[in-house]
Amino acid sequence: GIPREEFIPYFEPQVDIASGRLVGFEMLMRWNSPEHGMIQPDDFIPVAEESGMIGELSLRVIARALEIAKSWDPSITLAVNISPQQLKDPWFSQKITKLLVETGFPASQLEVEITESSLFENLPLVRSIVTSLKNQGVSLSLDDFGTGYSSLSYLRALPFDRIKIDRSFVTTMLGSADAQAIVVAIVRLGESLAMPITAEGVEDEATAIELTRLGCAKAQGWHY
């Protein structure tokens, strides 16, 4: 499927909650298989990671996304998720820089999302990669925040520009006092660190309204 270019980028809107204005997209991956139809990433990403092919797959689809996104309005950002496996590659930041040069996509419009779980193994290497990307003008966000074990130490150790609240808290916050308390705590943490917050998994207007009340600026999910 990789050499046949069957993996394609999909784009999930990211909006300013208060105004409803479109501010960016997160790139999602789909496998458009002639044999099985449209395959979701939950089905093929783990196989790509286990087989060691996730790096090649990811970079190919990111390259396609950059080619598409370079025609967007300059105010619109593109966020891409990075597999934990890719953060074991000392040349990863150079590979992203090469894609930016080849496609002509501005580094300032790219946001690389790193999941909390990918930071456990080799923090010095991740710090080197992150610093190199930041020096190129790329933004960094900490994805799935609240699901790991050392969130606060990572926020101190690495120069993140944004925190993303994991969807598991956002989708249940209206029916769970515990989930809402965690969302409130993350929003307040972002305020104190002057770090913007994005809520993932916003599936209805009631959740969007509540996030606005709590002071969360940016959101994405089925509601949009």
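## The cavity

In this predicted model, the largest cavity has a volume of about 40 Å³. The structure holds one cavity of 30 Å³ or more. Its lining is made up of I2, E5, E6, F7, L57, R60, V61 and R64. Helix α2 gives the most to this lining, with four residues.

Four of the lining residues are nonpolar and four are charged. No polar residue takes part in the lining of the largest cavity.

## The largest pocket

The largest pocket has a volume of about 1200 Å³. Its lining counts 34 residues. Nearest the pocket centre lie E26, L28, P41, D42 and N81.

By class, the pocket lining has 14 nonpolar, 10 polar and 10 charged residues.

## Helix α1

Which residues of α1 are buried? They are P41, F44 and A48. These residues cover an arc of only 85° around the axis, so they sit on the same side of α1. On the other side, D42, D43 and E50 are exposed.

The buried residues of α1 pack against β1, β2, β3 (37-39) and α2. P41 is buried, whereas D42 is exposed. Just after α1, G52 takes a positive phi of about 80°.

## S58 in helix α2

S58 is found in helix α2. Its relative accessible area is 3%, under the 20% cut-off, so S58 counts as buried. Which residues does S58 contact, leaving aside its neighbours within four places in sequence? The partners are M29, N81 and Q86.

## R162 in strand β7

R162 is found in strand β7 (residues 162-165). Is this arginine, R162, buried or exposed? With a relative accessible area of 13%, R162 is buried, because buried means under 20%.

The C-alpha atoms of R162 and S141 are separated by 4.5 Å. The two residues are 21 residues apart along the chain. Leaving aside neighbours within four places in sequence, R162 is in contact with E111, L140, S141, L142, M195, P196, I197, T198 and K218. With T198, the contact includes a polar one: side chain to side chain, at 2.9 Å.

## T172 in the loop

T172 is placed in the loop between α6 (167-170) and α7 (177-192). Its relative accessibility is 37%, which lies between the 20% and 50% cut-offs, so T172 counts as partly exposed.

A polar atom of the T172 side chain lies 2.9 Å from the backbone oxygen of S168. The C-alpha atoms of T172 and G201 are separated by 9.5 Å. Along the chain, T172 and G201 are 29 residues apart.

Methods:
Residues numbered from 1 in each chain as written. Predicted model: local features only at pLDDT ≥ 70, side-chain atom pairs only at ≥ 80, totals over all residues. Heavy atoms only, no water. 1 Å grid on protein atoms, 1.4 Å probe; cavity = no way out; pocket = protein on both sides within 12 Å on 5 of 7 lines; lining within 4 Å. Points joined across faces, edges and corners; volume = space filled by probe spheres on them. Nonpolar A, V, L, I, M, F, W, Y, C, P; charged D, E, K, R; others polar. Helix = DSSP H or I, 4+ residues; strand = E, 2+ residues; numbered from the N terminus. Buried < 20%, exposed > 50% of the residue type's maximum accessible area, 1.4 Å probe, protein only. Arc of directions from axis to C-beta. Contact = heavy atoms within 4.5 Å. Polar contact = N/O pair within 3.5 Å; in protein donor to acceptor, adjacent residues only side chain to side chain.
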